[in-house]
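Subject: Structure handover

Hello,

Here is the structure for you to look over. My notes come after it.

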Amino acid sequence: MHLSKNQQKFKILMSVTSILIVIVFLLSINAGYLNIPMNEVFAALVGQGTPNNELTIFDFRLPRIIMALLVGMGIAVSGAILQGVSQNPLADPGILGINSGAGFAVVLYMFFFQGTAFFTGMLSIFIMPLTALAGAFIAALLIYLLSWKNRTVTPVRLLLVGIGINAAFGAGLIIFQMKMDSIDFMKAIIWISGTIWGTNWTYVWALLPWLLILIPFAVYKARFLDVLRLGDPIAIGVGVRIERERVILLLVAVALAGASVSVGGGITFLGLIAPHIARRLIGARHAKIIPLTAAIGALLLLSADTLGRVVMAPMELPVGLVVSILGAPYFIYLLVKTI
């Protein structure tokens, strides 16, 4: 009976979150410098809108909205996996330096290949996720190696090393930014702050395969996160190859974060907040935490992007800044509570 109630609660939470996503989705299409009445939005969505409205919605706002949903899902699930693997409630791809490693690799790519056919061509949109992925893996490897002591990695050491790696990559970003011309410098600043402005459908197709493969795989591996939560001795006792599973799950988390950062920039705290909300709502089973975290992450990032577009219209706040403003107090609260 308990399991059936929990399953029913999970379905209700997913349904409520999905309804909220649809509501924010419609508000986001309507919001912006060019306000489109809701009846005209519905007309355009069914193919009966004016050419100007259809251009605005389908070529500008809709790909941006879809990208916000995808990036929110990717970063949130990455955070849930990192928290499960490290048993650290403060783990987040942005705080631990994984996002900054991916961002550093992308800025290097922008710096060395800007203005070339390799940079401006359509192929560059698909190369950037791979570049970000390489940077994220390098950052994750450095964090893991520097955190390793006495054949173990403690949560506090992982957090502190991650913050240090984050600062180091941040310094490297500044160095290369200072060498850019003013236009590219501003582009890099906005991108690093976290932004999905200027998104088109090509970016959506570049990110979508990563999420379609990795998030279901993370759900499939969720049972190992549950076992790891019980501690290494119990996990080994039930026959789990813990080091192998840790590495696989870390690779999934890093890949999700790297691919998401490549198109969404440096969005911090989302991977921290969304898993905590999901865990408080549904409990400790990762088979339910991961899907709910993905939905909450999509809802939070889409809401933050919509808020960033309207709060200072016609100017826009980068979505990463909006998420940081909301997430920093929660991180401080967890830091004081945990350490």
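Predicted model: local features only at pLDDT ≥ 70, side-chain atom pairs only at ≥ 80, totals over all residues.

Residues are numbered from 1 along each chain as its sequence is written, and side-chain values use heavy atoms, without hydrogens or water.

The helix pair. Helix α3 (residues 51–86) packs on helix α14 (residues 286–310) at about 135°, with the axes 7 Å apart. Helices here are DSSP runs of H or I, at least four residues, numbered from the N terminus. Axes are lines fitted to C-alpha atoms over the stretch in contact, and angles run from 0 to 180 degrees between N-to-C directions. From α3, the contact residues include R61, R64 and G84; from α14, they include H286, D305 and R309. Contact means heavy atoms within 4.5 Å. By class, the α3–α14 contact has 13 nonpolar, 5 polar and 4 charged residues. Gly counts as polar; Asp, Glu, Lys and Arg count as charged; Ala, Val, Leu, Ile, Met, Phe, Trp, Tyr, Cys and Pro count as nonpolar.

S147. This residue is in helix α6 (residues 123–147). S147 counts as buried because its relative accessibility is 0% (buried is under 20%, 1.4 Å probe, protein chains only). Its side chain reaches the backbone oxygen of I143 at 2.6 Å.

I248. This one sits in helix α12 (residues 242–264). Leaving aside neighbours within four places in sequence, I248 contacts F217 and K221. I248 and K221 are 27 residues apart in sequence and 9.1 Å apart in space, C-alpha to C-alpha.

Best wishes

Note on methods
Helix = DSSP H or I, 4+ residues; strand = E, 2+ residues; numbered from the N terminus. Buried < 20%, exposed > 50% of the residue type's maximum accessible area, 1.4 Å probe, protein only. Polar contact = N/O pair within 3.5 Å; in protein donor to acceptor, adjacent residues only side chain to side chain.
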